[in-house]
Amino acid sequence: MMGIRLFAAAIIVYRKFSTKSIGKISYESPKKVYKSRKKKSYDDNNNKPKWTDQQEKIIDAVKRHKSVFITGSAGTGKTFLLNHIIKLLRKQYKPSQVFVTGSTGVVACAIRGQTLHSFAGIHSHKCDKEDMLRCVLLNRKASSRFRTAKALVIDEISMVDAQLFENLEFVARKIRGDDSSWGGIQLVVSGDFFQLPPVKSKRIGDDDDDKQFAFEADCWDSSFALQVELTKVYRQSDPQFIKFLQNIRIGKLGEEEEEYFKRLQSSAAMDSKAMLAVQVYPMNKDVSRVNEERMKSLGDEAFVFKAIDSGSDIKRCRKQLDQATPSELSLCLGARVMLTKNLNTWRNFVNGATGEIVDFSRIDAVGVGDEDKDEDEDIDTDSNTEEKDIATICQDGLLPVVKFDSGKTKVIEPVTWQVKDGDNIVAERKQLPLTLAWATSIHKCQGKTIDFIKADLSNAFEYGMHYVVMSRAKSPEGLFITGLDPAKIKAHPKVLCFHEKKLASEKDEKPEEDSTTAPLAVSRTKFHFSLSEFLQNRP
Ligand SMILES: Nc1ncnc2c1ncn2[C@@H]1O[C@H](COP(=O)(O)OP(=O)(O)OP(=O)(O)O)[C@@H](O)[C@H]1O
């Protein structure tokens with residue numbers, strides 16, 4: 001009798017927890033993860049992130065309706081802070097009055113906004129101010145956005161050029177009939193000019209006097225009440241590595257750095273982890289070639305995942321969504337993949353996390369569509385995908401199971417990318433948040449944290465490329481570089497000058513104005529490195 005009871009109990013337990021995978025791997029389904037999850041905690045008392053003084057200062061200024069420029073080296077929490085500020089702004093004004101933009105499609109999708117071009121309703125910005133104004137006035141929706149906006153957020157400003165910034169400021173003033181800076185729109189701009197420059201900008205060494213960076217726009221200074229450089233680095237914790245990266249950022253590769261770099265390389269060559277590393281290339285064609293070759297070499301059956309696109313403006317937004325996630329994704333067992341969204345930062349399932357497909361699980365075996373979002377404040381998924389959508393995306397009825405390099409295994413469900421116009425969702429794509437990860441491009445890895453990264457930098461052609469690649473790694477053990485040409489480790493002279501002269505000379509607080517949106521005095525926090533010292537000692 002006892003034996004029968006035990007047997008029945010075993011069957012119940014099996015039915016309840018069986019994953020029914022096509023392979024033999026066992027893993028937690030989303031439902032089980034959900035049940036066993038504890039609340040994430042940044043701060044034991046109130047479950048909120050602990051802001052640094054600099055971050056607090058910015059938050060405070062935003063609450064007082066000031067326009068701010070947030071800069072800082074990679075991993076100092078610019079995007080993290082920006083996401084918090086977007087929430088604040090949406091409470092401060094109406095959500096429909098807050099426009100969130102990014103300089104490229106990838107950036108825009110990452111912060112659930114639209115590209116700056118799309119906000120302004122323009123295709124090209126290579127025109128003069130008056131022409132751009134005419135173009136925007138002819139576009140009813142774009143003019144209405146300029147009129148409605150109370151706040152405009154621009155992420156990754158380093159890739160926005162001076163002419164566009166200047167033109168948009170002019171257009172905002174004219175359309176709103178308000179002569180104050182940006183026609184009174186509160187501006188929140190974030191980015192690091194030492195990272196990737198505007199597209200089709202000058203190559204390394206090819207410098208002239210044309211305006212290129214947004215900070216060269218005539219209206220730059222008057223656009224902000226506060227310009228702050230965040231200095232606490234969160235992504236890396238090794239002080240020596242942080243110092244090395246800071247020097248690469250400003251183009252300094254002296255004896256000390258070369259020595260450090262050599263040590264990095266000698267340990268890297270021996271490291272088996274190099275096999276896991278994402279190979280980063282400056283050119284897209286190399287990325288596609290490597291990924292395709294590696295997929296073919298596996299020779300396994302590939303399953304195709306087709307995205308579902310929808311929304312009133314999907315035609316116009318398709319290109320932006322394509323930059324964020326492919327409309328068709330082929331995956332097979334053994335494929336190296338990378339997450340393209342933060343799913344759960346607490347469990348380290350973050351944008352950039354890499355792993356391998358170890359199994360495919362049947363859709364009906366996992367509790368899809370019910371991963372909680374609320375517990376993870378900074379989760380990037382916009383909405384849960386309904387089961388019928390999942391069946392459409394996963395036509396073979398299978399979901400990939402990824403064993404991440406962190407050791408954790410997870411069934412990956414489709415998530416949603418949205419393009420928002422104010423608070424209107426104008427386009428959506430539902431797709432798996434995965435991309436092949438034997439290789440990726442430097443442009444695609446900007447903004448990501450990658451555990452093991454391997455780059456051949458012999459073809460690097462733009463300022464900032466070396467720094468962007470190296471600063472993705474969390475530790476020196478995760479960084480494998482070849483083709484390093486010290487002569488190419490350079491910061492753009494104009495960026496150095498901006499940081500040294502313009503920002504540093506504006507230390508003094510000018511009296512703040514009371515107007516909620518007027519351009520105010522520029523102040524800034526102290527720089528964390530002495531640039532003048534560096535410039536004097538530059539080899
Ligand atoms: N105040 C904070 N408390 C806890 N974690 C933080 C805080 N600020 C930032 N972080 C963490 O720091 C990491 C890096 O942040 P983030 O990606 O925003 O940096 P970034 O400056 O935008 O980097 P990049 O320039 O490379 O895009 C993230 O994992 C984020 O969660």
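**Ligand shell and local packing in a predicted model**

The ligand is surrounded by 17 residues, of which Gly 75, Lys 78, Thr 79, Phe 80 and Arg 472 are the closest; a residue is taken as near when one of its heavy atoms lies within 4 Å of the molecule. The structure is a predicted model, in which local features need pLDDT of at least 70, side-chain atom pairs count only at pLDDT 80 or more, and totals for chains, interfaces and linings use all residues. Residues are numbered from 1 along each chain as its sequence is written, and side-chain values use heavy atoms, with hydrogens and water left out.

By residue class, the shell around the ligand divides into 5 nonpolar, 8 polar and 4 charged residues. Here Ala, Val, Leu, Ile, Met, Phe, Trp, Tyr, Cys and Pro count as nonpolar, Asp, Glu, Lys and Arg as charged, and the others, Gly among them, as polar. Helix 4 (residues 78–92) supplies the largest share of the shell, 3 residues. Helices (H or I, at least four residues) and strands (E, at least two) are DSSP runs numbered from the N terminus. Oxygen atoms of the ligand lie 2.8 Å from a polar side-chain atom of Lys 78, 2.9 Å from a polar side-chain atom of Arg 235 and 3.1 Å from a polar backbone atom of Thr 76. On its own the ligand has 640 Å² of accessible area, and the protein covers 84% of it. Accessible areas come from the Shrake-Rupley method with a 1.4 Å probe; for residues, only the protein chains shown count as cover.

The protein chain has 19 helices and 20 strands. Of its 539 residues, 56% count as buried, that is, under 20% relative accessible area, with exposed meaning over 50% and partly exposed in between (1.4 Å probe, protein chains only). The chain exposes about 24,100 Å², of which carbon and sulfur atoms supply 50%. Among contacts (heavy atoms within 4.5 Å) with a separation of 6 or more, 77% join residues 24 or more positions apart.

In helix 3 (residues 53–63), the residues Gln 54, Gln 55, Ile 58, Ile 59, Ala 61 and Val 62 are buried. These buried residues fall within an arc of 160° when seen down the helix axis, so they line one face of helix 3; the arc is that of the directions from the helix axis to the C-beta atoms. The packing partners of the buried residues of helix 3 are strand 1 (68–72), helix 4, strand 5 (186–190) and strand 6 (226–230). Just after helix 3, His 65 adopts a positive phi of about 65°.

Three further positions were examined. Phe 146, in helix 8 (residues 140–148), is buried at a relative accessible area of 1%. Beyond four places in sequence, Phe 146 contacts Phe 119, Ala 120, Val 136, Leu 168, Val 171, Ala 172, Ile 175, Arg 176 and Ile 185.

Asn 247 belongs to helix 11 (residues 239–249) and counts as buried at 11% relative accessibility. With residues up to four places away in sequence left out, Asn 247 touches Lys 252 and Glu 257.

Asn 351 is placed in the loop between strand 11 (336–339) and strand 12 (354–362) and is buried, with a relative accessible area of 17%. Neighbours within four places aside, Asn 351 is in contact with Leu 339, Thr 340, Lys 341, Asn 342, Lys 448 and Thr 449. The C-alpha atoms of Asn 351 and Ile 450 are 8.4 Å apart, although the two residues are 99 residues apart in sequence.

Definitions and conventions
Polar contact = N/O pair within 3.5 Å; in protein donor to acceptor, adjacent residues only side chain to side chain.
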